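Here is a short report for a reader who is new to this structure. Look at the sequence and the model first, then read on.

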Amino acid sequence: MSVFDSLRIAVRAIVANRLRSLLTLLGLVIGVSSVIALIAVGQGTQKGVSDQIRGLGTDLIFIEPSAAATTQQGAGALTTTTLTQADALAIAANGNPAIQAVSAHITGETQAIAGANNVGAESVFTSSNYAEVRDLEIALGSFIAPSHDDAGSLVAVLGSRVAETLYPGIDPIGQEIRLSFLAGRVVFAFTVIGVVREVGGAADANDQVFVPITGLANRFRFLYTPTGDLRVTQIDVQTTPGADTEEVKQQVSDLLLFRHNRSDPDFTIESQDDLLDAASEVANTLSILLGVIGGISLLVGGIGVMNIMLVSVTERTREIGIRRAVGATAGDIVNQFVTEALALSVLGGIIGIVIGVVASLLVDGQTVGDQEMTTVIQAWSIAAAFGVSAGVGLISGIYPAWRATVVDPIAALRNE
Amino acid sequence: MSDAPGEAPPIERTDCVPLLSVRNLERIYRLGEQTIHALRPLNLDIHQGDFIAIAGPSGSGKSTLLQLLGLVDSPTAGEVRVRSRVAQDLGQEQRAALRLRTLGFVFQAFNLLQMLTARQNVEIALALAGFPRRKRRARAEELLSAVGLAERLEHRPLQLSGGERQRVAIARALANEPDVILADEPTGNLDSQTGREIVNLLEDLNRAGQTIVMVTHNLEIARRAGRLFLMRDGRIDEVDPGDPRSLD
Ligand SMILES: Nc1ncnc2c1ncn2[C@@H]1O[C@H](COP(=O)(O)OP(=O)(O)OP(=O)(O)O)[C@@H](O)[C@H]1O
Ligand SMILES: [Mg+2]
């Protein structure tokens, strides 16, 4: 018999057993599409997280007050932090060739207000070199200048989303922005001098407002330590490209311990790689978890297919007996059932791939809660899902058919 | 079947090797503890052109013998020879080929595929023999017309009467011009009128040279065969179909 004949017989059998074929297809489609979509989400999350961390700038080392030193978050942390701007200056002044730039800042939750518009933002009190350290680019106007640092000017540079929300369709440069702190108990007015270019991914910079730390310090005396140093909640150290970050970490740590006159650190020091490792570990776990869930649904789908195929072939033992009595060889019979199983598996696999890919593409870029979803479709997940489903369909189609061909035709015919 | 003008007349077979021969054939069914001797060792020769009827009481082993002759079952002992080839020595593939081209089996229960039409049921045998699609269709129609079913080509078995199903089964058995037709009670499920028509059909085929082995309960029909065998308790004896006492 020709391949064409086998295919015609297969199509006829598939149509004749409509419900059964449909259920088989459903099992395959669900299995294949969920593997593809879930793995795409997992991989997307992984990519999103690492993009976000890389978006912070390159070759950075972050120093923060340690948990033991800070029992409070936000503005409260300011009263307990042991990091000062003098520390940052000391790191920079150390003459270490592996260090390119150092910037210190304080962050705090703010309500940003302009006219009738207002938006929750994070204010970053920092200095002119922050843009360089964090790789921020300016879309409009300019970033904080050294002269603003020196004068303690009340100027503000806006993150792109803050600018869009507060000044829709208006040029924000030169406009007044008011930032309210401590739940509205303190409000200061600043002049907008620049807008930061939008940062990709779910980066924070889009929702931040940058103002000179000196301007704030002039108004809040408690920001100073008793010895007159300005407290900060974070110091960023940018290393020279190619520098050994582990070594720089060690040097900076030693310097700070000496300056703080301590033997155990009252700060934590982490490189971007450390963060990347920790975060990708979390994302990896998520990715594996999603993969496992996808794998389970493929398995369940596969078992469904196997079940239906086994029942189908067993029920059709009589048909096999008739065909063999008429003169079909074992090869003809196995060929027929392979064609049938293959036709179903390929059809189910293709539909599953289409649904999986389309679902992945639809989810890509959607925001769930305040999290933007990213999906990355993996070729290997498509191949694996398709391979497994087709394999299951084939084996469960061939095996019982083959069994019905090793006995005499009359034995297959007696099977009711 | 096809006597197209200009074709050479079929060569008369003069060899005396039987078409089918059975030597010490034995079939024992085992059901748990019980063993049933369906066929005691028996011998039988079937020659080209024979029209053989096998009669006997129910359970005497007629179907068992026919199934062994048709190579759809395997004997417990002894051998079935197709011409001079011992069936049990052949591989699965070769026995399938013999079933396809040499032995046309007509089952007592018809054994048609329910999801296929009469034409498609006949076409299965043709497709297995490698007929191209176009020729297959024409040949199936020709065969079904020959058994009087020209008007029933697209009917499914459930839409056909018992006699019509029997004819489809016969047409399928004839599809690849087998050397012998093995029919198990071809009239068993039919009323006497329809039964007579089926036997007329078989007689016509035999007159055209077709070898036929037929199992039957019906004495009137059995006597119309050229050779008559009687079975009892798994044994077989040839009797004279013309002798009125032979069936007592
Ligand atoms: N598959 C089987 N398993 C066990 N015993 C069987 C089987 N098939 C037939 N038999 C037994 O073998 C014996 C012969 O059966 P067979 O079908 O050959 O009889 P038969 O002459 O064709 O009868 P009938 O005229 O009723 O069709 C019977 O006793 C039957 O019970
Ligand atoms: Mg019988």
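Val86(B) is found in strand β5 of chain B. Helices and strands here are DSSP runs, numbered from the N terminus: helices are H or I with at least four residues, strands are E with at least two. The model is predicted: local features need pLDDT of at least 70, side-chain atom pairs count only at pLDDT 80 or more, and totals for chains, interfaces and linings use all residues. Residues are numbered from 1 along each chain as its sequence is written, while chains are lettered from A and ligands numbered from 1 in the order in which they are written.

Is Val86(B) buried or exposed? Val86(B) is exposed, because 12 other C-beta atoms lie within 10 Å. The cut-offs are these: 20 or more other C-beta atoms within 10 Å of a residue's own make it buried, 12 or fewer make it exposed, and anything in between is partly exposed, with C-beta atoms placed from the backbone. Leaving aside residues up to four places away in sequence, Val86(B) touches Glu79(B) and Arg81(B). Two residues are in contact if their C-beta atoms, placed from the backbone, lie within 7 Å. Val22(B) is 64 residues from Val86(B) in sequence, and their C-alpha atoms are 9.5 Å apart.

## The four-stranded sheet of chain B

Strand β5(B) belongs to an open sheet of four strands. The order is β2-β1-β4-β5 in chain B, and the pairing is antiparallel. Two strands pair if DSSP finds at least two bridges between them. β2 (34-46) and β5 (85-86) of chain B each have a single partner strand, so one side of each has no neighbour in the sheet.

Strand β4 (residues 77-82) of chain B runs antiparallel to β5(B), joined by two bridges. Arg81(B) has Val86(B) as its bridge partner in β5(B). Helix α1(B) packs on this sheet and touches β1 (20-31), β2 and β4 of chain B. The direction of α1(B) makes about 120° with that of β1(B). Such angles run from 0 to 180 degrees between N-to-C directions, and axes are lines fitted to C-alpha atoms, for helices over the stretch in contact.

## The six-stranded sheet of chain B

Chain B also has an open sheet of six strands, in the order β6-β7-β8-β3-β9-β10, with mixed pairing. Its edge strands are β6 and β10 (235-239) of chain B, each pairing on one side only. From one strand to the next, the twist averages 20°. Helix α1 (residues 62-69) of chain B packs on this sheet, touching β3, β7, β8 (211-215) and β9 of chain B. Its direction makes about 150° with that of β8(B).

Strand β3 (residues 51-55) and strand β9 (residues 227-232) of chain B pair in the parallel sense over four bridges. Ile54(B) has Phe229(B) as its bridge partner in β9(B). β6(B) and strand β7 (residues 180-184) of chain B also run parallel, joined by four bridges. There, Gly104(B) is partnered by Ile181(B) of β7(B). Leu103(B) and Phe105(B) point one way from strand β6 (residues 103-106) of chain B, Gly104(B) and Val106(B) the other way, and all are buried.

## A covered helix

Helix α3 (residues 118-128) of chain B is mostly covered, with eleven of its eleven residues buried. Its cover includes α1, α10 and α11 of chain A, together with α2 (92-101), α4 (133-146) and α5 (162-174) of chain B. After α3(B) comes Gly130(B), with a positive phi near 90°.

## Where the chains meet

The contact takes 18 residues from chain A and 19 residues from chain B. On the side of chain A that touches chain B, the elements giving two or more residues are α1 (3-16), α10 (317-326), α11 (330-363) and α13 (409-414) of chain A. α10(A) gives the largest share, six residues.

## Two helices of chain A

How do two helices of chain A cross? The axes of helix α2 (residues 18-54) and helix α12 (residues 379-403) of chain A come within 9 Å and cross at roughly 160°. α2(A) and α12(A) are therefore roughly antiparallel to each other (under 35 degrees is roughly parallel, over 145 roughly antiparallel, 65 to 115 roughly perpendicular, the rest oblique). Residues making this contact include Leu28(A) and Val32(A) of α2(A), and Ile382(A) and Phe386(A) of α12(A).
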